[in-house]
Amino acid sequence: MPLPVPEDAFSEGMPEREGASVQETFELFSALAPKGWRVELIEGEIYVVPPANGEHEEIVTEVVEQVIARRVDRELRNFTGIGLSLPGTTDTVRVIPDLVIAPKGSFDDQREWHAPGPVLLVAEVTSSSTASRDRVQKIRAYARAGIPLYLLVDREAGEAVVCSEPAGDDYAHKSVHKLGTQVPLPAPLGFTLDTAEF
C-alpha cells in the first residue's frame, strides 16, 4: 500500500524524490510513516502496512502467551516490533515480523535494524494487505537468512503453515495444519501450539 506523502513533507536536507535510491526512499518513508504503521523493504519493493486489526492482534497475543507457557528454554523471549535486516538477492531486506522469538538479550542495543543470527522463529499473521508477501517473498527472505522456523498463520486460507529446515531461498519442510488444530513446532522450540483460539 503506498504511503501518501504531502508535498510539504519534504524539507531541506531530505533527498530529492527524483534520482533517490530505493534505500533513501525507504528511509524517508520510514521517517514519515504515521505511528503504528510499518514500512518494509522486500526484494527492492517498499511496502507500507497500516496498523493491524483486533483479530490479527488477538492471534499474535495468543501465540505469545502459548510460547511463554510452553517454552522449554526459559531464556527465550517474544519480541514484537523488532526490525530485522536480512540478506537479499541484490539489496538488503528490511522487515518487521509480527513476532520474533530469540534468546533474552538478543536485541539489547539501540539499533533499529538487527541481524537475524539469534532468531529462532519468526511468525506472520496474514492480513488482506500482506497475505501474498507473507506466503511468498517473506518465505524466501526468512529462509535465505537461515531463520530455523517460520510460522505463517494464514487467516484467509484457514491454515497454519510451519516452515523448517531453511535451504537457499526456501524451506525444505513445510507442514500445513487447519486452524483450530494442534500444530507441532519442531526444534529449537519443540512444543505444540493450540490454534483452537485462532
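Predicted model: local features only at pLDDT ≥ 70, side-chain atom pairs only at ≥ 80, totals over all residues.
Before we start, two definitions: contact means heavy atoms within 4.5 Å, and axes are lines fitted to C-alpha atoms, for helices over the stretch in contact, with angles running from 0 to 180 degrees between N-to-C directions. One more, for the names: helices (H or I, at least four residues) and strands (E, at least two) are DSSP runs, numbered from the N terminus.

Hello everyone, and thanks for coming. Residues are numbered from 1 along each chain as its sequence is written, and side-chain values use heavy atoms, with hydrogens and water left out.

Let's begin with helix 4, residues 137-144. This helix lies across strand 8, strand 9, strand 10 (159-167) and strand 11, and it runs at about 130° to strand 11.

Two strands pair if DSSP finds at least two bridges between them. Six strands make an open sheet with mixed pairing, in the order 3-6-8-9-10-11. Which strands stand at the edges? They are strand 3 (76-79) and strand 11 (170-178); each has a single partner strand, so one side of each is left without a neighbour in the sheet. On average, neighbouring strands here are turned by 20° against each other, direction ignored. Inside the sheet, strand 8 pairs with strand 9 (residues 149-154) in the parallel sense, over five bridges. You can find Ala123 opposite Leu151 of strand 9.

Val100 has 0% relative accessibility, so it counts as buried. Not counting residues up to four places away in sequence, Val100 touches Arg77, Asn78, Phe79, Leu84, Phe107, Val119, Leu121 and Val122. And how far is Val100 from Lys138? They are 38 residues apart in sequence and 14 Å apart in space, C-alpha to C-alpha.

Strand 4 (residues 83-86) runs parallel to strand 7 (residues 113-114), and two bridges join them. There, Gly83 has Trp113 as its bridge partner. Strand 4 also pairs with strand 5 (residues 93-95), this time in the antiparallel sense over three bridges. These two, strand 4 and strand 5, form a hairpin with six residues between them. Within strand 5, Arg94 is the bridge partner of Ser85.

On to the largest pocket. Here is how pockets are found: on a 1 Å grid over the protein atoms alone, a cavity is a set of points where a 1.4 Å probe fits but cannot get out, while a pocket is an open set with protein on both sides within 12 Å along at least five of seven lines; lining residues have an atom within 4 Å of a point. Grid points are joined across faces, edges and corners, and a volume is the space filled by probe spheres set on the points. The largest pocket has a volume of about 400 Å³. It is lined by 23 residues, and the closest to its centre are Arg38, Ala52, His56, Glu57 and Asp98. Helix 2 (54-70) and strand 8 (121-125) are the elements that give two or more residues to this lining.

His56 deserves a stop of its own. It lies in helix 2, and at 2% relative accessibility it counts as buried. Leaving aside neighbours within four places in sequence, His56 is in contact with Asp98, Val125, Thr126, Ser127 and Arg155.

Finally, some backbone details. Glu43, in the loop between strand 1 (38-42) and strand 2 (45-49), has a positive phi of about 50° although it is not a glycine. Is Glu43 buried, exposed or partly exposed? At 34% relative accessibility, it counts as partly exposed. Glu165, in strand 10, has a positive phi too, near 60°. Lastly, the peptide bond from Ala187 to Pro188 is cis, with omega near 15°, and Pro188 lies in the loop between strand 12 (182-185) and strand 13 (191-194).

Note on methods
Buried < 20%, exposed > 50% of the residue type's maximum accessible area, 1.4 Å probe, protein only.
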